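Trainee: Could you take me through this model one feature at a time, giving the general idea before the particular case?

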Amino acid sequence: MVHIGANLIHSRALLWWLCCCCWLVVPPAVGLENLLTSFEFRHGYVYPTSVTVAEGEVIHLRLLVPMQNGDQCVYREPGSPVDIDVHARDEESAARRRQRNVNEEGTIQRILENECGIRVNPVQQRDAGFWRLTLVRGAERIRGVSMVDVIERPSVPEVGIGGAASVTTLDEISPARTEYCYVQRQGAPSGSQMQNAVPMHERCQLPLSSTDPTGAGVWSVIAGVQGQMREMTYGIQIENKDEQIITTLHREQDYHVLSCHLRYTQLMLKFCRFLRLADGFGLNVIPGIGTSRYGYIGAGFERNECGLEILEPDGLDRGVWKCLLGYGDESITKVSGAIVDNSDTTLPLAIIGRDEMVAAQNDTTVSLQCNANKPIDYCWFRGPHGQFYSLSERLSEENADGHHWYSGISLAMGDCGLGLAAITEHEHAGRWQCYVGNGRVSALEVSAGFTVRVSPTQMIAAVDTIEATQGFPALLGCESIPRGTPLQYCRFVTPTGEAFSLNENVTSDRPVLERYYSNPNHDQTRGSCSLVIASVRTEDFGQWVCAGKIDGHATEHIAQLTVHNRDETDEPPEEPGPTGETLSAASIVGMAIGAVALVGGAVGLGFWQYRKRLHRQASAVNAEIQMGDMRASRRRISVISSESGSSTNSTPDRRIMQLSL
């Protein structure tokens with residue numbers, strides 16, 4: 001805008017000058033042969049034709065035609081119809097000086113004896129406008145017009161105590177209307193370094209480097225600004241502050257406001273998401289768009305503010321939320337976030353969303369997650385063999401030691417994840433423990449345990465060993481790695497070598513080999529393959545193979561599992577031989593009667609225990625299958641969003657069938 005305004009002013013001044021020149025006599029110094037190329041003809045006889053000056057400074061205006069004996073130089077101020085002689089000392093000039101409220105020396109002075117020019121000192125706001133200089137030489141009139149734009153005196157950016165401003169590395173440190181700038185750390189040798197340095201153009205920036213990446217400390221700034229001849233010199237105190245998200249919460253009876261403000265960055269907000277942890281309900285928060293209950297509130301993405309306004313908050317709204325902010329420029333997008341606790345009561349620090357069992361393929365990269373419901377200061381893991389894994393947000397996969405790293409968005413979001421470069425069964429399979437800590441909530445850490453199972457392939461058995469009883473049903477299964485990866489098909493191989501595939505057509509009414517059929521609760525599109533044995537036989541005991549072809553893979557993957565006979569026991573030790581002593585007939589008869597009674601009692605007790613165990617096993621299998629039905633039924637309930645919040649919608653599952661035994 002400054003350059004556009006200056007060009008416009010220059011054009012107007014040039015037109016005015018051309019109008020004046022229509023009746024002026026061209027001075028002898030300018031010949032007709034040089035008329036089109038002369039500086040005076042192209043730029044005017046006054047110099048400069050336009051000037052931008054800060055209030056309180058001094059301006060010099062003059063005509064480019066030298067004065068001769070007998071010439072007269074007059075000027076006219078902006079808005080005045082009167083020409084004033086530069087060399088006059090008459091009453092009119094004195095009155096003019098008194099009108100400007102200045103001392104006897106005046107503010108408008110001539111420059112040199114042989115020039116038609118003036119010096120205005122100091123410049124005030126009322127001096128803005130068109131100034132006219134006229135050289136009178138007999139009957140000739142040589143005039144020039146100059147446009148003066150008076151601006152406010154520039155100031156240093158928020159100079160603090162002792163001439164040092166406390167700013168961050170990303171704040172603006174340039175004065176207004178900066179033309180050039182030098183920035184040098186205080187304490188460093190000046191002189192030759194400043195003389196040889198290349199000035200920055202139009203703004204001041206910290207000359208950061210790999211050896212000084214943050215710029216923390218005290219710096220000296222020397223800047224040349226528009227409208228002022230004297231350079232500006234000041235100091236700044238740089239505080240190194242990392243990007244961070246400040247959260248606020250405001251609650252009224254009929255509305256709540258949850259806000260996340262991104263600070264200490266020059267990057268601009270691109271998107272904002274609020275996630276309700278109670279049910280996973282998410283909102284894409286956009287300025288100007290909302291529902292009947294949810295809407296954006298804040299100063300705009302341009303100021304890196306994202307707030308969620310909730311009207312008539314319900315029970316689920318009064319809980320823990322996460323805000324995720326995406327920000328960046330044309331070349332980069334970063335994601336960070338924070339937790340906003342909108343609960344009515346203070347919740348204790350807890351670990352949420354944890355898997356009891358994690359399946360992984362041997363020698364592959366895996367992430368173990370252990371997230372909290374509050375911001376955490378730190379987190380760490382303990383492996384099955386006592387290994388310690390300490391984590392930090394700065395320990396990323398790019399700068400890790402190649403073995404483990406932090407996996408998550410930020411500790412402020414309660415995210416704690418351990419990334420392992422190559423998981424192995426020997427080192428990592430077994431029982432794990434994770435720990436999170438927040439000193440502002442409690443000095444005690446919170447921990448949780450989970451199991452890691454490692455498979456040599458991308459298929460893993462649900463259970464390595466299945467305890468079964470002959471004549472009763474059993475449930476076998478395997479699933480893909482990563483969990484949920486779709487299967488194109490799945491099949492089983494029995495211990496005797498019988499092989500068959502499973503699909504939705506293999507049901508209890510149409511079993512394979514009269515007793516094998518698909519578990520109605522498994523779903524191959526989600527990577528699950530499960531088999532029901534209606535009645536276990538002797539040939540079912542032993543090692544089974546569960547195989548499946550994962551979508552996108554050239555070959556299938558297999559997992560091995562064992563069906564073990566629950567009733568199978570070790571051979572009893574042999575009875576010791578006779579001692580050689582002779583027993584009487586009465587002793588033999590007594591022993592025989594006692595043995596018969598003992599055997600009879602043992603048989604009765606054993607039969608009762610056998611029936612009880614069979615009943616317990618049958619009940620366990622039935623309960624397992626019924627629980628599977630219930631889980632499938634629960635999976636049919638999904639949460640959807642509407643204008644009034646979240647609601648439930650029941651979707652029938654056509655593949656659910658009654659399992660009869």
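This is a predicted model: local features need pLDDT of at least 70, side-chain atom pairs count only at pLDDT 80 or more; totals for chains, interfaces and linings use all residues.

Trainee: Which residues does L531 touch, not counting residues up to four places away in sequence?

Mentor: With those sequence neighbours left out, L531 touches A474, L475, L476, F492, F500, L502, Y516, Y517, N519 and W544.

Trainee: How many helices and strands does the protein chain have?

Mentor: The secondary structure comes to 6 helices and 43 strands. Of the 661 residues in the protein chain, 39% are buried, and among contacts between residues at least 6 apart in sequence, 61% join residues at least 24 apart.

Trainee: How should I read a sheet, and in what order do the strands of the open sheet with 5 strands lie?

Mentor: In general, the strands of a sheet pair through backbone hydrogen bonds, and they do so either parallel or antiparallel. Here 5 strands form an open sheet in the order β2-β9-β8-β4-β5, with mixed pairing. Its edge strands are β2 (50-54) and β5 (84-85), each of which pairs on one side only. Within this sheet, strand β8 (residues 129-137) and strand β9 (residues 140-151) run antiparallel and are joined by 9 bridges, and R137 stands opposite E140 in β9.

Trainee: Turning to the pocket, which residues lie nearest the centre of the largest pocket?

Mentor: The largest pocket holds about 1200 Å³ of space, and of the 40 residues that line it, D242, E243, Q244, Y327 and K334 lie nearest its centre. The elements that give two or more residues to this lining are β15 (244-251) and β22 (333-341), and the largest share, 6 residues, comes from β22. By class, the lining divides into 18 nonpolar, 12 polar and 10 charged residues.

Trainee: Where in the chain is P48, and is the peptide bond from Y47 to P48 cis or trans?

Mentor: Omega is the angle to inspect for a peptide bond. The bond from Y47 to P48 is cis, with omega near -5°, and P48 has its place in the loop between β1 (46-47) and β2. A cis peptide bond also joins N121 and P122, where omega is about -10°, and P122 is in the loop between β7 (117-120) and β8.

Trainee: What is phi of E514, and why is E514 counted as exposed?

Mentor: E514 has a positive phi of about 75° although it is not a glycine, and its place is in the loop between β37 (499-502) and β38 (516-518). E514 is counted as exposed because its relative accessible area is 67%, and exposed means over 50%.

Terms used. Residues are numbered from 1 along each chain as its sequence is written. Side-chain values use heavy atoms; hydrogens and water are left out. On a 1 Å grid over the protein atoms alone, a cavity is a set of points where a 1.4 Å probe fits but cannot get out, and a pocket is an open set with protein on both sides within 12 Å along at least five of seven lines; lining residues have an atom within 4 Å of a point. Grid points are joined across faces, edges and corners, and a volume is the space filled by probe spheres set on the points. Helices (H or I, at least four residues) and strands (E, at least two) are DSSP runs, numbered from the N terminus. Ala, Val, Leu, Ile, Met, Phe, Trp, Tyr, Cys and Pro count as nonpolar, Asp, Glu, Lys and Arg as charged, and the others, Gly among them, as polar. Two strands pair if DSSP finds at least two bridges between them. Contact means heavy atoms within 4.5 Å. Buried means under 20% relative accessible area, exposed over 50%, partly exposed in between (1.4 Å probe, protein chains only).
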